Amino acid sequence: MLFVADRALTAEEICAAIGEDSSLVEHALEQLREQYEGRGVRIMLHGDSYQMCTAPEASIYCQKLLGLSSDQKLTQASLETLAIIAYNQPATRAEIERIRGVNSDSPFSLLVNRGLITPVGRGDQAGRPILYGTTSGFLAYFGIGSLDDLPDVELPEPQA
Amino acid sequence: MLGSWRTGTNASPLAEFHLALESFDGPFELLVNLIENQGFDITTISLVRVTSQYLAYVQQLQQRSVFAEATAEFLAVASQLLLLKSQAYLPGIADDEEVDDAEDLADRLRVYSAYRKLATELDEIQANAMPSFFRTVFLVDIAPEIPDNALAISELILAINTMVDRPETNGLLVTIPTSQISLQQRIQTVSEALARERELTFDSMASECRSRLEVIYTFLAVLYLVARRDAVVRQQRSFGPITIRVSGKAD
């Protein structure tokens, strides 16, 4: 199922397809993840979703094969925006702009267009603002296997 | 608020702005950084001189495209410096609200600088990143649909005949002068149809086209309308039907 899917699958979806208990499936997925370590393809864990991807070590060959260039790096503004979302997801645009102190429209649309963040729902606040979260493409871009593998940092609580 | 002047990898127009003052000689960004993070005494800085030197700098910039950006950035930072300096001079006068503001500002700076550091770490990761790739097309979608019952040759012939008999293909002998298609016309046609129907599928429009070129022009027309935000398109899955709707123009 992970092999044919064109997006990340949640453990729930997999459970529903095979009719097994969720703890069993999650255990099996974790085992699979371990088994694929060191192989050409990996299983990436993004939040509670799993997706099969190529190993970081195969990166350069895949880029060549797909004719992709690797020189389009994200700017500081985009990285800041991305960092705030990654560590506070789901987050609204207003929350991000409050932390950054500047209008963040252009890094925002760039990140959405590059498939690194995506709307994941709407908040309870007035106006029901769109909530954004990172995508599995975000992990893929940085060659990270799971959100848990992001740099471990102490972040001050953003005030309400 | 402070912000975009604090760029790291991509140079901000202010990055090249140098100051020569009595108590400080160096890049403007460094000065702001010193005041913010190192407790550099802002009262030793003449804001008037910072501003006049900045204006001289802007004069040089005038021809360049970054002019507006640089001016806006400076205004944002300068007003912040002004606030910090006035607070440094008038500690007793500041009422509770202003104290809150100052604390709020300090707090925001603390939060922001944490994320700024984090962004730098991400920047390092992306510099050495070996990205992963995954499948982007759902395989099942492009597999041909095979009907349950095998087709008889006669049915195929029937299907071909039905197609040939369609009125639009009836006049196969007529050569359609392709040069008569103009993108302008196509845009007009599509946008009128859209105004009438509110919602269309690309397939329905393409089926009315009499040549491949016309289909291509129709597609270009749709792209044009989307770019003008007159229309929004939606495609649920790869190779799926494309729906074109009138845009609400709401942002």
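Figure 1. B:Arg198 counts as exposed because 10 C-beta neighbours lie inside 10 Å, and the cut-off for exposed is 12 or fewer. The model shown here and in the other views is predicted. B:Arg198 is placed in the loop between α8 and β3 of chain B. Its phi is near 65 degrees, which is a positive value in a residue other than glycine.

**Figure 2. B:Arg229, in the loop between α10 and β4 of chain B.** B:Arg229 is not a glycine, yet its phi is positive, at about 60 degrees. B:Arg229 has 12 C-beta neighbours inside 10 Å and therefore counts as exposed. For chain B as a whole, 16% of the 251 residues count as buried.

**Figure 3. The crossing of helices α8 and α10 in chain B.** Helix α8 of chain B covers residues 183–197, and helix α10 of chain B covers residues 212–227. Their axes come within 8 Å and cross at roughly 65 degrees. This angle makes α8(B) roughly perpendicular to α10(B), because angles of 65 to 115 degrees are put in that class. The crossing of α8(B) past α10(B) is right-handed. On the side of α8(B), the contact is made by B:Leu183, B:Arg186, B:Ile187, B:Val190 and B:Ser191. These residues meet B:Tyr217, B:Thr218, B:Leu220, B:Ala221, B:Val222, B:Tyr224 and B:Leu225 in α10(B). Sorted by type, the residues of this contact between α8(B) and α10(B) are nine nonpolar, two polar and one charged.

**Figure 4. The hairpin of strands β4 and β5 in chain B.** Strand β4 of chain B (residues 231–235) and strand β5 of chain B (residues 242–246) run antiparallel and are joined by five bridges. B:Ala231 is found opposite B:Val246 of β5(B). B:Gln235 has B:Ile242 in β5(B) as its bridge partner. Between the two strands of the hairpin there are six residues. B:Phe239 in this hairpin has a positive phi near 65 degrees. In general, strands of a sheet pair through backbone hydrogen bonds, in either a parallel or an antiparallel way.

**Figure 5. Strand β3 of chain B beside β5(B).** Strand β3 of chain B takes in residues 199–201 and pairs with β5(B) over three bridges. The sense of this pairing is antiparallel. B:Glu199 has B:Arg245 as its bridge partner in β5(B). β5(B) is also joined to β4(B), by five bridges. Chain B has ten helices and five strands in its secondary structure. Among contacts in chain B between residues at least 6 apart in sequence, 60% join residues at least 24 apart.

**Figure 6. An open sheet of three strands in chain A.** The order of the strands is β4-β6-β5, and their pairing is antiparallel. β4 (91–92) and β5 (117–122) of chain A are at the edges of the sheet; each has a single partner strand, so one side of each has no neighbour in the sheet. Two bridges pair β4(A) with strand β6 of chain A (residues 130–134) in the antiparallel sense. A:Ala91 is set opposite A:Tyr132 of β6(A). As a general rule, side chains in a regular strand alternate between the two faces of the sheet.

**Figure 7. The cis peptide bond from A:Gln89 to A:Pro90.** Omega of this bond is near -5 degrees. A:Pro90 belongs to the loop between α4 (76–88) and β4 of chain A.

**Figure 8. The crossing of helices α1 and α2 in chain A.** Helix α1 of chain A spans residues 11–18, and helix α2 of chain A spans residues 22–36. The axes come within 9 Å and cross at roughly 115 degrees. α1(A) is therefore roughly perpendicular to α2(A). α1(A) and α2(A) cross in a right-handed way. The residues of α1(A) in the contact are A:Ala11, A:Glu12, A:Ile14 and A:Cys15, and those of α2(A) are A:Ser22, A:Val25, A:Glu26 and A:Leu29. By type, the contact of α1(A) with α2(A) has five nonpolar, one polar and two charged residues.

Definitions and conventions
Residues numbered from 1 in each chain as written. Chains lettered and ligands numbered in written order. Predicted model: local features only at pLDDT ≥ 70, side-chain atom pairs only at ≥ 80, totals over all residues. Pairing = 2+ DSSP bridges. Helix = DSSP H or I, 4+ residues; strand = E, 2+ residues; numbered from the N terminus. Axes fitted to C-alpha atoms, helices over the stretch in contact; angles between N-to-C directions. Parallel < 35°, antiparallel > 145°, perpendicular 65-115°, else oblique. Left-handed = near helix turned anticlockwise from the far one by under 90°. Contact = placed C-beta atoms within 7 Å. Nonpolar A, V, L, I, M, F, W, Y, C, P; charged D, E, K, R; others polar. Buried ≥ 20, exposed ≤ 12 C-beta atoms within 10 Å, placed from the backbone.
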